[in-house]
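Trainee: Could you give me a close look at one part of this model? Start at the core, then go on to the annotated site.

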Amino acid sequence: MSVQFVDSSKLPTQFGEFCIHGFQDPQTLKEHVVLTFGELNTKEAVLARVHSECLTGDALFSARCDCGPQLQEAMRRISEHGSGMIMYLRQEGRGIGLMNKIRAYHLQDDGADTVEANEALGFGADQREYSMCVDMLAHFGVTKLKLMTNNPRKLDAMAKYGIQVEGREEIKVGHNVHNEGYIATKGAKLGHMFSDDA
Ligand SMILES: Nc1nc2c(ncn2[C@@H]2O[C@H](COP(=O)(O)OP(=O)(O)OP(=O)(O)O)[C@@H](O)[C@H]2O)c(=O)[nH]1
């Protein structure tokens, strides 16, 4: 078991009452959280988002990315649906960490795109991995997901770990004048699927 359940508590939010569950990876000691809403029907596909930490977007209202609006939209849809879960993974900056993401932003201010900036710092375009989701889902007895994402790598990762994704919901929110280039690069270089591209 690579992820250990720590504790849980009610989490009242502007989208209704979620429950927050703490998980710690015993090997890396990395702390993650899972938010759940309502009763998870483990016989059916659970409406879910796998969301990677973005301090600037999720907590500081940055318009450089679409992370904050996506997190809020996922919580809103789960609440509207009546049940679901968010696996909030502490892998900031597509896995390069907060300081390196800020370094990458600096390079992007000088003209690099989000992939070139990572590479100029000696990182891959996307350093994330999703193995912890296996134990998180097992903990809740969830075997099938309806995943809110535009990111094909997340779908590939779920398939790699044997997590059944029965459906995908596009989550296209938070596009603005400041993140046009970032979103375009995610489409062109990271394969993100946006319906307008069809
Ligand atoms: N290195 C780097 N990371 C970024 C940048 N902008 C946002 N991020 C990070 O990108 C990650 C976005 O993760 P998610 O919100 O899970 O979304 P996603 O991989 O874009 O896929 P979706 O499910 O389609 O939203 C977060 O870890 C952010 O911190 C950037 O310019 N550079």
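**Core and annotated site**

Mentor: Leaving out residues up to four places away in sequence, Met87 touches Val34, Val50, Cys133 and Met136 (contact: C-beta atoms, placed from the backbone, within 7 Å). This is a predicted model; local features need pLDDT of at least 70, side-chain atom pairs count only at pLDDT 80 or more, and totals for chains, interfaces and linings use all residues. Numbering runs from 1 along each chain as its sequence is written.

Met87, Cys133 and Met136 have the most contacts inside the largest nonpolar core, a set of 33 residues. Such a core joins buried Ala, Val, Leu, Ile, Met, Phe, Trp, Tyr and Cys through C-beta atoms within 7 Å. Buried means 20 or more other C-beta atoms within 10 Å; exposed means 12 or fewer; partly exposed is in between. Elements giving two or more residues to the core include β3 (31–37), β5 (84–89) and α6 (132–140). The largest share, 5 residues, comes from α2. Helices (H or I, at least four residues) and strands (E, at least two) are DSSP runs, numbered from the N terminus.

Now the site. An unreviewed UniProt entry annotates Asp126 and Arg128 as "active site"; such annotations may be inferred rather than shown by experiment. Asp126 counts as partly exposed because it has 19 C-beta neighbours inside 10 Å. Arg128 has 18, so it is partly exposed. Beyond four places in sequence, Asp126 contacts Arg94, Gly95, Arg153 and Leu190. On that basis, Arg128 contacts Ser52, Gln91, Arg94 and Gly95.

Conventions. Two residues are in contact if their C-beta atoms, placed from the backbone, lie within 7 Å.
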